[in-house]
Amino acid sequence: QVQLVESGGGLVQAGGSLRLSCAASGRTFSNYAMGWFRQAPGKEREFVAAVSWTGRTTYYADSVKGRFTISRDNAKNTVYLQMNSLKPEDAAVYYCAQQKRAYLSGSTYSNNEYDYWGQGTQVTVSS
């Protein structure tokens, strides 16, 4: 049984930073790409970032490019999301997800490409 457990969310002022972590267990972590999604109240879940199984390839939503960095540590079975220069519009529940395959592709941006999800961690950004 795959488990993904997010941590690191919280309240931060606009312009501040947070680092989210997602610890994975249940299947060989390094065999799968990982992603972060977010969902704000009243909005659909949206893609934020993804990283390939090696960590060498990353994708980002345009809204976070240059501010967020996704990375992974396969020795620790953990994926990270470093969020800098946070804006009030970044406030949401952030979800970690494990992709069905190791490589990133055009499908990486879609919820359907991921078969396991964490429970989410709340990020609140005050203006």
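I started at Thr108: its side chain makes a polar contact with the side chain of Gln99 at 2.9 Å. By polar contact I mean a pair of N or O atoms within 3.5 Å; within protein, one must be able to donate a hydrogen and the other to accept it, and residues adjacent in sequence count only if both atoms are side-chain atoms.

Ground rules before going on. This is a predicted model, where local features need pLDDT of at least 70, side-chain atom pairs count only at pLDDT 80 or more, and totals for chains, interfaces and linings use all residues. Residues are numbered from 1 along each chain as its sequence is written, and side-chain values use heavy atoms, with hydrogens and water left out.

**Thr108, continued**

I placed Thr108 in the loop between S9 (92-99) and strand S10 (114-117). My strands (E, at least two residues) and helices (H or I, at least four) are DSSP runs, numbered from the N terminus. Is Thr108 buried or exposed? Thr108 is buried, at a relative accessible area of 0%. The scale I use: buried is under 20% relative accessible area, exposed is over 50%, and partly exposed is in between (1.4 Å probe, protein chains only). Skipping residues up to four places away in sequence, I listed what Thr108 touches: Phe37, Phe47, Ala50, Tyr59, Gln99, Tyr103, Glu113 and Tyr114. Touching, or contact, means heavy atoms within 4.5 Å.

**Salt bridges**

I counted a salt bridge when a side-chain nitrogen of Lys or Arg is within 4 Å of a carboxyl oxygen of Asp or Glu. How many does that rule give? The count comes to 6 salt bridges.

Glu113, already on the Thr108 list, pairs with Arg101, the closest N and O atoms being 2.1 Å apart. Both residues lie in the loop between S9 and S10, so the pair ties together parts that are 12 residues apart in sequence. I noted Glu113 as buried at 7% relative accessibility, while Arg101 is partly exposed at 42%.

Next, Asp90 and Arg67: their side chains meet in a salt bridge at 2.7 Å, N to O. This pair links distant parts of the chain, with Asp90 in the loop between S8 and S9, Arg67 in the loop between strand S6 (58-60) and S7, and 23 residues from one to the other. Both Asp90 and Arg67 are buried. I also found them in a network of salt bridges with Arg38 and Glu46.

Then Asp62, which bridges to Lys65 at 3.2 Å between the closest N and O atoms. Asp62 is exposed, with a relative accessible area of 64%.

**Core**

For a nonpolar core I took buried Ala, Val, Leu, Ile, Met, Phe, Trp, Tyr and Cys residues joined through side-chain atoms within 4.5 Å. The largest one has 34 residues, of which Trp36, Val79, Leu81, Met83 and Tyr94 touch the most other members. Strands supplying at least two residues each include S3 (18-25), S4 (34-39) and S11 (121-126). Which strand gives the most? S5 does, with 5 residues.

I looked up Leu81 separately: leaving aside neighbours within four places in sequence, Leu81 is in contact with residues including Leu18, Leu20, Trp36, Val48, Phe68, Ile70 and Tyr94.

**Positive phi**

Two non-glycine residues went into my notes here. Asn77 has a positive phi of about 55° and is found in the loop between S7 (68-73) and S8 (78-83). Asn77 is partly exposed at 29% relative accessible area. Ser85 has a positive phi of about 50°, lies in the loop between S8 and S9, and counts as partly exposed at 40%.
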